[in-house]
Structures are given as structure tokens and as C-alpha cells.
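Please read this briefing beside the sequence and the coordinates. It is arranged by topic, with the conventions given along the way.

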Amino acid sequence: MSERASRRRTTKDRDVKHGESTGSSGAAASSAVVAIPNALTVKQLADILSVSAIEVIKHLMRNGIMVNINQVIDFDSAAVVATDLGYNVQEESAQIESEEDAYSIADEDSSVLISRPAVVTIMGHVDHGKTKLLDAIRQTNVAETEAGSITQHIGAYQVDVHGQKITFLDTPGHEAFTAMRARGARVTDIAILVVAADDGVMPQTVEAIDHAKAADVPIVVAINKIDKESANPDRVKQQLADNNLLIEEWGGDTVCVSVSAKRGDGISDLLENLLIVAEVQELKANPERQAVGVVIEAKLDSSKGPLATVLVQTGTLRVGNNIVIGEQSGKIKAMFEDHGKRVKKAGPSMPVEILGINGIPQAGDQLVVVGSEKEARTLSQQRQREKEAIGKAAIPRLSNIFQQIQAGQVKELDIILKTDVQGSLEPIRTSLEKLGSEELKVRIVHSGTGNITENDVMLAAASKGVVIGFNIRPEPGAKLLADSEGIDIRCYQVIYKLVEDVEKALSGLLEPSYEDVIEGHAEVRALFDVKQGRIAGSYVTDGKLTRGAQARVIRNGELVHESSISSLRHFKDNVREMAAGFECGIGVEGYTELEIGDIIEAYRKEKVT
């Protein structure tokens, strides 16, 4: 903010000096007003100012900004050049923001809304029959001529049930569902939870329930594999009740259907129930407006270039539309429906594959139709500059939750809780839920045992929550993802300290926290016993190791010792640090039980700002 302000002041000062030095030509030019967008390339600025790109680059270089002709610059940099050339400058951002408002799919006039098909995602534990259920649903809706040769062209498709359509998203499960929601995409209207009648509720089933509830999506339970001799649907219903999912038959409000994807039993009953749930939700959209949609999946085709599967949420998408998808832009050259046939337009809840974008968007990115190619480029460049700052600013951390409560930004603290054993889970969960007040609820979005995974981090990103671990550590991939998404991970060894920190965070008394910054890893490949103890002949696999650094010894993924690196040798020389790709001898303070294959992880404590 201060940089922008100082640059604006510099622009104003230069305007005065320019007026003094340029004489009549400067005075003449100063009467012209030019509108400059929030972000644009050097060439675009040259066109707006009617000068050569070289002239623009010269002015930027004089102000310490080194660029090339195709580089994107911000409004302040462009304003410096325009002011130097005697123009009065105004920002186009207000216009863009009002256009952004037009992309909203909420608060539309109810008189223009019509019913749209429901969008359904299938979730559940691996091997419980999600894919077979999808195939069975598709099989019942395929014409005789196509039977036996079903080809799924894109990752979403529509089926026809008594003249009404239902859209199915063929995603890998709750991971993809949550990843899209973490990017702000509310895509699914109904979630089908598949549970095998012979296997019952499993850990991934519980995860799927928690993810669907966190998204506030109605759940329809499909108890699959009822054809098996070992099937026990009543046991499944009891397990669902134990996980706070009470079916209608037992006095709850969750629809439950018994099916056999293998034999096709109950499929039509399931589809009819989906129509009823959709009818209760009164799903509507306006097909007459410009389209807004969301990316389901995207890929790079060797012959066609970037392709994106898009679900239209409202409006009608047409070939020839200028579009912005996330940070990419383009013009639709062709559209294909779920069987690969070309279509010219796509209405609400219809999935299509589109051709004509200039890059590969991410799943969950929003698609909007804009008026012109210039407008599309401008909006995509603006999104590129703003995405990272906006995304991370909204995510709470324990260190700033009190300020967000006071500012009215949050009404509940969502927590993903992971512990080493089941016995620790309930007492911690109960203690945390008691900390809530009228101003702020503490909600355990998901709890489970085992290390913190990437899936836990994605759920925290989607729920705007924090991840808390007890006697466990985050997996390397989860730590990297948390850093990139700005997610707060806290790990504890003492229950009262865990609960105390959350309580202090809610009342604004939490002391500064420190996080572990991993510096490097070494793999133990040989062992040497010396007078000082046991030395590990090791190979530094990544980063660097420094003598005196804090260190952990990890064996088969489990932490076995934590202290520091007491000695570091390269051949016969004592060294201060060793980089990746080198072999060295490592001594670990107070530990002589090292084994070949152990991983030595060096790290430092860093204050979280």
C-alpha cells in the first residue's frame, strides 16, 4: 500500500516538473484524459498513449522499471509514463469491478429464473462401487444402438429420467470435490454417498460425510452390493447413525436407497429420489443472461491445444463467446457435449468441453463471458495479479482469529483434528467444542487418526479452517500444500497445551508461534562406531545440513528421535554445512541407535508473522 501511495506521489510531483519543463506541447497534452486498466502490457499502453513501445520502455527505465514489450505492468507504473507524456490519468478498475458484479450468479430477478437440472457428485470409500454405480446409471440411459459401446467423452455427463435431466460429475471423489470448493466453486447440488453393504462405513466414508456436510450439500445414501451374501444393510444404517447421518427410515432426513450396481437393482429408484431431492431444493437459473460456469477438469491435447470441461451454472454459453477462465482468456472456437458431438450452445447445468482458450485453467476456476477480447485480456491479467493476495488474506490462522472475530469476518472457527490414536480423539474434540461462545462457534469439520495429509489441508482451505494435530506430524506433501495455500497447521504433544492455545486464540491472548522450516534431508547409508558415539555415513538428498541445526531421525515414516546435529564431517574434515548431492558423516546429539535407511531431517524454528 505504501509503495502504491509513494509511486502516486512521485507521479504527481513529476506532473508539476513536467509542466514546468515541457512548455506548450506539455500543456496541450495535459488536457487529454486517458483511462488505463488495472493491468496491461507495455504494447497495449503504447497503443493507448499513441506512442511507440520503445518510448514507453524508455520512460519506465528512467523510473527504475525494467520491462520488455510483452510484459504486464500495473496501473501505477503505467500512470507514471502517461503523466510523463502530459496526460491526465484515470483508472478503469471501477468499471471492471462493476463488470465483476455482473458475473455473480446470486440475487437474480426471480421472474427470469427457470428450473435447471441437479448436479450430482458420487463419493465414498475406495472399492465400494462408485465407478460401477456410475456405469450402471449410464447404462440405463443409453439407447439400444449404443449399448455395449459406451464411451465417456468428458468428466461429466447428463442422463434423462422421465423427461428430466440430471448432471453427474465423474470425479475421483471427495478430494476433487473439496479442491474445487477450496477455490470458491460451489458446483455440487447433491452428493451420493456409496457404502458397500458387506463392508460398512470405512474411514474414507467418514471423510466423505464430513466433506459433504462442510459444503452444506444434501446427501443421498446408496447402500451398494446388496446382492452379496454377506450384505448387512441394517449394520450400515446403524454405522451411518453413529456418524450423525440418520436416514428417513429411522426418523431422520437423509434419503437412503439399496442398490446393486452389478445387477442394476434399485438404480431407477435412486434416480427418482435424486429428482425429489432436487425438486425440494428448487434449483433455478437464468438461461437468457451471459453464461457463468466452472471448470470441472482441463488438459492439454497434442492436436487441439488446451481443452477445458466446463459446467454452465447460469446463462447460455455459445460458440464465439469471449471468455475468461480463472487467469486464462480466449474465444470459444468449438464446444463438445458428453458424447463428443459438436454443439453451438450450452444452457444451465450442461457440461461441455470447450476449445479456444490460451492456457490450461485449474479445476474450480470460474468461467465468465465478457464483451470483447480486450476486456477478456484485461480481466485475466487483473486476476493474475490479485489472486494470490486475495486467496490467502481470507484464511484464518490461530494467530489472527481474534482480530477477524472483532472485525466480524468470522462467526465460527473450523478445525480439522488429527490424532495418533482413537482414544485421544474424543477428549480433545469435546474440550475444543466447549470453548465456543455466542460470538464464535468452534466446529470440528473433520477428525481422524494418522498423519496430516494433503486431503486434510484441502478441506481446511475449503472450510477456511485450521489443522490441529496431536502426537502426529504433517506429511511432506501436506506441509508444502499448506505453505502454498496459507493454511495454519499446529501440532502438539500435550492435550492441555493444545486446548489452551485455541482458548487463547479466541480471546486474543495467543503468544507468537514458531513453525518448523525444513532445511534438508540426508539418508543414512552406513554406520561407524567411534569414541564419541555412532556416526552415520549419509547422503544429503535435498536442501542442506548445518552443524548445530535441530534435527529429527525418521524411520519408516515415524519420528524416533529429536535433538540436533552434533558433528558434521566431509571425509576427515569438520565442516559447517553440507549441500544436496554430497556424502558426509553425521553425529546426532544424544542418539546412538541410528540404523541404515533412517532419514535425518534438519530444520530451524521460525517465528510466524
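This is a predicted model: local features need pLDDT of at least 70, side-chain atom pairs count only at pLDDT 80 or more; totals for chains, interfaces and linings use all residues.

Residues are numbered from 1 along each chain as its sequence is written, and side-chain values use heavy atoms, with hydrogens and water left out.

**Whole chain**

- The protein chain holds 16 helices and 33 strands, where helices (H or I, at least four residues) and strands (E, at least two) are DSSP runs numbered from the N terminus.
- Of its 609 residues, 49% count as buried, a term that means under 20% relative accessible area, with exposed set at over 50% and partly exposed in between (1.4 Å probe, protein chains only).
- Among contacts (heavy atoms within 4.5 Å) between residues at least 6 apart in sequence, 71% join residues at least 24 apart.
- The protein chain exposes about 29,600 Å², of which carbon and sulfur atoms supply 48%; accessible areas come from the Shrake-Rupley method with a 1.4 Å probe, and for residues only the protein chains shown count as cover.

**The sheet of 6 strands**

- An open sheet has the strand order β7-β8-β6-β9-β10-β11 with mixed pairing, and its edge strands, β7 (156-161) and β11 (255-258), each pair on one side only; two strands pair if DSSP finds at least two bridges between them.
- Neighbouring strands of this sheet are turned by 30 degrees against each other on average, direction ignored.
- Strand β10 (residues 219-224) pairs with β11 in the parallel sense over 4 bridges, and valine 220 has valine 255 in β11 as its bridge partner.
- Helix α6 (residues 130-139) packs on the sheet and touches β6, β7, β8 (164-169), β9 (190-196) and β10, its direction making about 145 degrees with that of β6; axes are lines fitted to C-alpha atoms, for helices over the stretch in contact, and angles run from 0 to 180 degrees between N-to-C directions.
- Isoleucine 122 lies in strand β6 (residues 118-124) and is buried, with a relative accessible area of 2%.
- The C-alpha atoms of isoleucine 122 and isoleucine 192 are separated by 4.7 Å, although these residues are 70 residues apart along the chain.

**Helix α9**

- In helix α9 (residues 233-242), Val236, Lys237, Gln239 and Leu240 are buried, and they fall within an arc of 160 degrees seen down the axis, so they line one face of the helix; the arc is that of the directions from the helix axis to the C-beta atoms.
- The buried residues of α9 pack against β9, α8 (203-214), β10 and β11.

- Strand β22 (residues 412-419) pairs with strand β24 (residues 466-470) in the parallel sense over 5 bridges, and threonine 419 stands opposite phenylalanine 470 in β24.
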